[in-house]
Structure formats: structure tokens, C-alpha cells
Amino acid sequence: MSKKIYLYGNWKMNNTYAETEAFFKDFPAVYNPVKDAPDLEVGIFAPFTSLWPLSQAAKKEGFIFGAQNVYYEASGAFTGEISIPMLKEYGVTHVIIGHSERRHIFFEPDEMIAKKVKALLDAGMTPVFCYGETLEERESGNTFTVMERQIKSAIAGLTPAETAKIIYAYEPVWAIGTGKTATPAQAEEVCKWSRELIGQKEAVILYGGSVKGSNAKELLSQPDIDGALVGGASLKPAPFIEIYTAYKG
Ligand code: PEP
């Protein structure tokens, strides 16, 4: 069998409750032809307020769903935050952690991201851990230093069994939402290097940054890229699923 492809959509702060319901009116028509493919895992990550309609659709259509953030404490005086037990009530199994927008707009430090990863693992959930360099860091030759800090911080103190449960997503900041994609060689270089650093041959490593149907085949065919974390192209069913069909094509 060909390798399994993880096609994960990050809606960011898009799709209200009503828009989520509308999305799933159109979704089955494009998802049904591929939903039983044994080499495809679809996941959708929505804003908290859309998790309920998303959970209902996930149950009906058969795909993984998750949140885009969580706090690491279970309850208490943390105004504006959402806890793991709160997400579990909705059936959430996966949570994106350390997305570059959380790191750079909301200034989440490595230490906080590491605590979130650990709290999710302790709860039996799957962190989708994002890391990646800014353009400035790449151009100054610091790509690998920055990513080594980000990854080592997230997995410090975890057992090999725990690091194997994380889904990793390499997302160069300069390629997110910009229309600029890392070349397949650039993305493969980092994903291969990450696999060695993590120390898990079987680690699941996604690439994210302006992935769409037109660049999917080249990117997803790289040996160390197990799938895509998709922002813009995941907001409508057809361009999202097209990423998989173009890869297979
Ligand atoms: C993302 O949100 O993680 C992302 C990669 O966005 P885009 O596909 O729009 O670049």
C-alpha cells in the first residue's frame, strides 16, 4: 500500500457555526469518492464555537476533528481560556499546538507550548505540534537552530512512546498564507532532518504553507512528508479534497 496521507485543514478564525453547517452541506459530494481510501486520513480543526457542528459532521462523514489551541490547566482562574476536559466533552481528540500565529501574534513561548503538548499527551490526546522559521531566520542562516530549539523544547522530558504519539507539522512562517510555498526539496530537507532530531523513524511529519492542488503532488511525494496542514485551501470542500486527489492523480 502507498504511504498514508494526512490531510489536515486548519480553518484558523474562519467559519462560524452557520458557515460550518453550510460547509458540510457541500462536503459529502467531494469527500464521498475518497472517504474509504485506506491511505487517507482527513482532519479538520475549527474555532471553538464551531466544534459542535463539526463534531456532528465528523461522526456522520467519518473524519478526525480538533481544536486549534487549548490551555494546559484543567480549570481555574484563566479568563478566556479553554481546557482539555472542556474539549473532551465535544469528543475532540486532536489539538493544534504552537501554530506560528499563536507564537508570533499571541507571543506563546516554547515553555507554554511544551506544557500544552505534555498536558494533551497525559490526557490521551494527539498534539499537532507546529514549528518553523521566519523569513528573517532563514535568510540569516538560522533555520535549523531555531527549529532545533522549538522541537527540543516541546519533546524535552517525554518518553519515546510519547514523542511517537505527536503529529509534527513543519510550517515555515514565510510560506503560511502568503502563496509562497517551500520547494519540495526545501520541505523534504527539513522534514528529514526533523525525523532524525525527533529520533522516531515512524514519526508523522506534515508540511504546511500554501499547500493546494497545484503543488500537492510534488510536496506529498517526498519521502519524509506524510501529509499537509492546510489553511486557506481548507475553507471550501473542493480545493481541500483536491489536495489528495491531485497527489493521487
Ligand atoms: C496554516 O494555517 O497552517 C497554513 C499552512 O495556512 P496556508 O495553507 O493558508 O498557508
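The largest pocket of this predicted model has a volume of about 420 Å³, where a pocket is an open set of points on a 1 Å grid over the protein atoms alone, with protein on both sides within 12 Å along at least five of seven lines, and a volume is the space filled by probe spheres set on the points. Of the 17 residues that line the largest pocket, those closest to its centre are Met13, Gln68, Asn69, Arg102 and Phe106, a lining residue being one with an atom within 4 Å of a grid point. By class, this lining consists of 8 nonpolar, 5 polar and 4 charged residues, with Asp, Glu, Lys and Arg counted as charged and Gly among the polar ones.

The second largest pocket holds about 200 Å³ of space, and the 18 residues that line it include Gly177, Ser210, Val211, Gly231 and Gly232, which are the closest to its centre. Its lining divides into 5 nonpolar, 10 polar and 3 charged residues.

The ligand sits in the second largest pocket, in the sense that more than half of its atoms lie within 2 Å of the grid points of that pocket.

Residues are numbered from 1 along each chain as its sequence is written. Local features need pLDDT of at least 70, side-chain atom pairs count only at pLDDT 80 or more, and totals for chains, interfaces and linings use all residues, while side-chain values use heavy atoms, with hydrogens and water left out.

Terms used: 1 Å grid on protein atoms, 1.4 Å probe; cavity = no way out; pocket = protein on both sides within 12 Å on 5 of 7 lines; lining within 4 Å.
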